[in-house]
Amino acid sequence: MSAWLTIIGLNEDGPSPAAREALARAEVIFGGARHLELTQAGARGRPWPVPFSIAPLLACRGMQVVALCSGDPFWFGAGSLLAEALAPEEWVALPAPSSFALAAAKLGWRLEDIICLGLHAAPFAQARAHLHDGARLLCLLRGGEAVAPFAAYLTELGFGASRLWRLEALGGARERITQASAAEMAVLDPGLSPVAVAVEVAGALGLPRTPGLADSLFAHDGQITKRPVRALTLSALAPRPGEHLWDIGLGAGSISIEWLLAAPRTRASGVEADAARAARALENAAGFGVAQRLHVLERRAPDGLETLARPDAIFIGGGASQALLERLWALAPAGTRLVANAVTLESEALLTAWSAEKGGALLRLDLAEAAALGGKRGWVPARPIVQWSVTL
């Protein structure tokens, strides 16, 4: 089968000679309104549907079809979606320089040292984990009207002193670059589209890279794995890129959120019987920009576990039972890492018995905080926690 689809990357300077040839042959041209106008698609042009879908394009299989994308179609573009849906011989691609490449060339920044984010189809919070003093970010935004809200978001997080460059219509006659602080950019009029924003971060410290974020960063009702225990728990869970966590007894979602922040392409499924806590966990995840990778099942484990994608690791934050452990051993693949924390004598006895049979590491965590004691200070012990970690 010869290729019937040509995926063309476009910038403001218009199509390349090879792209013009493909456009001349095309019977149907899919693209955004700006791209269809730029290529003078006329009656052959079909705008992408909203919400975005490649289904109308796939329905044209057998015709000569062009898909218009911005810059490099395989960097935050539709190219990968099309390629995944088609056989390799069905399509060819004619990429142009990406918006990131054009922006870096204007600013003189090293692309390999820059965080590149596609925030045109994602919440601003996806940038949060990358915000730290001295970091450089290049962010694609939906349009000029999104620049001020993004600058306001940075300012609210304490990064109002950051330097921003609003990069509009790069590579064409309309190109314009505006530099201002985040606080200043938040009140400027919208710019042209397409638009990217370059950020040289300054201000707050940002999120630390090690596990054990401050408890105050999470909304909770007291049902939260506290910071020191969370750090030890994440260390035992050992998240790796692309892995999936079952978080049983999701609570505020702090374990799942730190799991998702720890490595790229990670996923988490939280099981939580309390609807208010489940909703709060999703709100917390949204604040860290990881909500799209957290699935919440409002059930009381072990009910519903069979509906979840298989895990690479499992965390039980409380409420371990004989029935739950038996169900996990029946469902989880061999090699799954299990970490369970117990705070009651009954749960401690259960984990002790299972560890004697299944092996693994059994730890008792005794923590105490300094607090006022009369006119001086003394140690106030927290409830001891028994932690069992084992490979199924």
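**Entry 1: Arg176 and its partner**

I'm working from a predicted model, so I keep that in mind throughout. I began with Arg176, which comes out as partly exposed, at a relative accessible area of 41%. Next I asked which side chain meets Arg176 in a salt bridge. It is Glu168, with 2.8 Å from N to O. Is Glu168 buried or exposed? I looked it up: Glu168 has 0% relative accessibility, so it counts as buried.

While on this topic I also noted a network: Glu12, Arg34 and Arg174 are joined into one by salt bridges that share partners.

How many salt bridges does a search of the whole structure find? I got 17. A reminder to myself: side chains of opposite charge can pair when their charged atoms come close.

I picked out the pair Lys106 and Glu175, whose side chains meet at 2.8 Å, N to O. This pair links distant parts of the chain, 69 residues apart. Lys106 belongs to helix α5, residues 99-107, while Glu175 sits in the loop between β8 and β9. I checked accessibility for both partners. Lys106 has 45%, so it counts as partly exposed. Glu175 has a relative accessible area of 27%, so it is partly exposed too.

Then I went to Arg163 and Glu200, which form a salt bridge at 2.7 Å, N to O. Arg163 is partly exposed at 37% relative accessibility. Glu200 took me a second look: at 19% it still counts as buried, because the cut-off for buried is under 20%.

**Entry 2: Ala169**

Where does Ala169 sit? I found Ala169 in the loop between β8 (163-168) and β9 (176-181). Its relative accessibility is 0%, so I wrote down "buried". I also looked at the backbone: phi of Ala169 is near 50 degrees, a positive value in a residue other than glycine.

Which residues is Ala169 in contact with, once neighbours within four places in sequence are left aside? My list reads Glu12, Arg174, Glu175, Ser193 and Pro194. Several of these names were already on my page. Glu175 is the salt-bridge partner of Lys106, and Glu12 and Arg174 belong to the network with Arg34.

One more distance for Ala169: its C-alpha atom is 9.5 Å from that of Asp13, although the two are 156 residues apart along the chain.

**Entry 3: Phe76**

I looked up another positive phi. Phe76 has one near 60 degrees, and Phe76 is not glycine either. The residue is in the loop between β4 (65-70) and α4 (79-85). Is Phe76 buried or partly exposed? With 40% relative accessibility, Phe76 counts as partly exposed.

His35 came up next, in helix α2 (residues 33-38). His35 is buried, with a relative accessible area of 6%. What does His35 touch, not counting residues up to four places away in sequence? I noted Leu10, Leu68, Cys69 and Ser70.

Asn284 is in helix α10, residues 275-287. I read 7% relative accessibility for Asn284, so it counts as buried. A polar atom of the Asn284 side chain lies 3.0 Å from the backbone oxygen of Ala252. Ala252 also shows up among the residues that Asn284 touches, together with Phe218, Ala219 and Ile257, residues up to four places away in sequence not being counted.

**Entry 4: cis peptide bonds**

The bond from Val50 to Pro51 is cis, with omega near 0 degrees. I located Pro51 in the loop between β3 (45-47) and α3 (55-58). The bond from Ala301 to Pro302 is cis as well, with omega near 15 degrees. Pro302 is in the loop between β13 (294-297) and β14 (313-316). That's where I closed the notebook.

How values were computed: Residues are numbered from 1 along each chain as its sequence is written. This is a predicted model: local features need pLDDT of at least 70, side-chain atom pairs count only at pLDDT 80 or more; totals for chains, interfaces and linings use all residues. Side-chain values use heavy atoms; hydrogens and water are left out. Helices (H or I, at least four residues) and strands (E, at least two) are DSSP runs, numbered from the N terminus. Buried means under 20% relative accessible area, exposed over 50%, partly exposed in between (1.4 Å probe, protein chains only). Contact means heavy atoms within 4.5 Å. A polar contact is a pair of N or O atoms within 3.5 Å; within protein, one must be able to donate a hydrogen and the other to accept it, and residues adjacent in sequence count only if both atoms are side-chain atoms. A salt bridge is a side-chain nitrogen of Lys or Arg within 4 Å of a carboxyl oxygen of Asp or Glu.
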